[in-house]
Amino acid sequence: MPDARRKRGSRARARRRLAIIGIGAFVLVDLGLVALALNREPSGLAADAEPAATSTPRPVETESTPSPTATPTTAAEAVTPTRLLSVVDAGTAWRAQAASCTPGTVASPPVVEQTTSGGATWSATSVETGGSLAGLDRLQATDASSAFVVGPAGDDCAPAFAQTFSGGAEYRDYPERLAASWYVARTAPGTVHSPSGDRAAPCPTVVDLAVVSDAEAGVLCSDRTFFRTGDGATTWDAGTVVDGAVAVTAASGSYLVASTGAADCDGTAVVTPPTASGAAATTVGCAPASSETPGAIALSASAAAVWLWADDVVSVSTDGGVTW
């Protein structure tokens with residue numbers, strides 16, 4: 001029995017030694033794993049971070065911003081002059097403010113002014129006739145005593161003709177002379193009346209008329225195109241554009257156009273319209289007056305003088321518009 005007990009004690013001690021050795025080995029392995037873990041790059045923050053800036057950048061397509069371009073502006077259209085001017089010579093002229101007519105209403109007679117002092121002073125008279133002229137579409141002077149007007153009259157505002165032979169002291173109706181006259185009614189700007197009768201205008205809106213003879217005349221349209229006719233408005237030429245044109249007149253068989261906005265004219269340029277389409281107008285001179293009010297410039301010429309009326313200023317030229 002003693003030997004058996006010794007054997008059992010010996011086996012127990014051996015098992016304890018083995019257990020201790022196993023525990024020690026486990027501890028050593030665990031310490032090695034901990035050391036390895038401490039030396040490894042943390043997988044969390046490093047893996048989720050943005051790529052380093054040193055990586056090769058990919059080309060980025062950029063959309064070029066176009067350079068701003070000026071927005072094209074449409075020039076304002078020319079309007080029918082609100083005033084009428086008719087020149088006899090360097091000292092004498094007639095003028096008037098154009099008036100409108102409303103059918104069925106009674107209007108005050110138009111007022112026409114005359115000067116014999118080169119525009120220094122003016123005398124005013126009323127166009128009072130039995131035809132009840134209410135407005136003016138055309139004013140044409142012959143001399144210091146005689147001038148005629150065409151305009152709407154009566155309850156229906158139909159065109160009428162009146163004339164004075166007394167310097168404006170008295171006007172009389174001459175309905176038989178209306179048919180032989182040139183005029184463009186403000187209420188029908190697309191029709192030109194000539195001694196040949198009513199004819200279609202070369203544009204929807206005629207703003208000014210210049211008469212050379214019973215057959216020849218020129219019209220300025222709202223788009224600043226100037227047209228000529230040589231057969232009483234039956235046919236028209238192709239037309240030529242005159243930049244800044246606001247009024248037109250005729251003298252000695254030729255035409256002059258008043259033009260605003262010219263870079264080389266601090267006032268109103270006076271030009272001759274081109275005869276060929278696409279050609280430029282020829283500058284004759286520069287009147288020292290102008291106006292920013294639409295319709296407030298009137299131009300008239302005779303064989304002796306050219307006059308320009310802008311706002312309250314009257315300018316006179318005796319050399320065809322070259323100097324003023």
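Cys286 comes out as partly exposed in this predicted model, with a relative accessible area of 30%. Its disulfide partner is Cys265, and the two sulfur atoms sit 2.0 Å apart. Cys265 has 10% relative accessibility, so it counts as buried. The bond ties together distant parts of the chain: Cys265 lies in the loop between strand E16 (254–259) and strand E17 (268–272), while Cys286 belongs to strand E18 (residues 282–287), 21 residues apart. The torsion about the S-S bond is 85°, and the link of Cys265 and Cys286 is right-handed.

That pair is one of three disulfides in the structure. Another joins Cys101 to Cys157, with an S to S distance of 2.0 Å. Here, too, distant stretches are linked: Cys101 is in the loop between strand E2 (93–97) and strand E3 (111–115), and Cys157 is in the loop between strand E6 (147–153) and strand E7 (158–164), 56 residues apart. The torsion for Cys101 and Cys157 is about -80°, so this disulfide is left-handed. Cys101 counts as buried because its relative accessibility is 15%, and Cys157 counts as buried because its value is 11%.

Then there's the bond between Cys203 and Cys221, whose sulfur atoms are 1.9 Å apart. It connects distant parts of the chain, with Cys203 in the loop between strand E10 (197–200) and strand E11 (206–211) and Cys221 in strand E12 (residues 217–221), 18 residues apart. Both Cys203 and Cys221 are buried. A torsion of about -85° makes the disulfide of Cys203 and Cys221 left-handed.

Counting bonded cysteines along the chain, the pairing pattern reads 1-2, 3-4, 5-6.

Conventions:
Residues numbered from 1 in each chain as written. Predicted model: local features only at pLDDT ≥ 70, side-chain atom pairs only at ≥ 80, totals over all residues. Heavy atoms only, no water. Disulfide = S-S within 2.5 Å. Helix = DSSP H or I, 4+ residues; strand = E, 2+ residues; numbered from the N terminus. Buried < 20%, exposed > 50% of the residue type's maximum accessible area, 1.4 Å probe, protein only.
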